[in-house]
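Let's take a friendly look at one protein chain. Have the sequence and the picture open side by side as you read.

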Amino acid sequence: CRFVKLDSFDDVQVVIDIANPAATATELAVDFALRGPDGIRFGDGVAFTDSAEPGARVVEDADTFTELPSWVDQASFSCEILAIEEF
């Protein structure tokens, strides 16, 4: 999960980049957390993928609908995958 840009509403845009861990072709729900300095969590979200084969790389753009707080800049921003579930 990585920062891409701020959109026209100043919402954080990220890219989710994972390998499908499921044993069959499936759609996935990917839960993620947005973090600032020292790993402080300031937001979270979920991204849904198209169907992917087992082990296939899945890259999805995600709109977090969350503004970057004033105490977070791009250098201190991180995004963490919390869970990947079959959808």
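## Before we start

This is a predicted model, where local features need pLDDT of at least 70 and side-chain atom pairs count only at pLDDT 80 or more, while totals for chains, interfaces and linings use all residues. Residues are numbered from 1 along each chain as its sequence is written, and side-chain values use heavy atoms, leaving out hydrogens and water.

## The overall fold

The chain has zero helices and six strands; these are DSSP runs, with helices (H or I) of at least four residues and strands (E) of at least two, numbered from the N terminus. Along its principal axes, the C-alpha trace spans about 40 × 25 × 15 Å.

Of the 87 residues, 39% are buried (buried is under 20% relative accessible area, exposed over 50%, partly exposed in between, with a 1.4 Å probe and protein chains only).

## A cluster of rings

Look for Phe3, Phe42, Trp71 and Phe77, which form one aromatic cluster. Rings of Phe, Tyr and Trp (its six-membered ring) pair if their centres lie within 6.5 Å; planes under 30 degrees apart are stacked, over 60 edge-to-face and the rest tilted. The count comes to four aromatic pairs. In one of them, the ring centres of Phe42 and Trp71 are 6.1 Å apart with planes at 85°, so this pair is edge-to-face.

Phe42 sits in strand β4 (residues 41-48) and Trp71 in the loop between β5 (57-67) and β6 (78-86), so the pair ties together parts 29 residues apart in sequence. Phe42 is buried at 17% relative accessibility, whereas Trp71, at 43%, is partly exposed.
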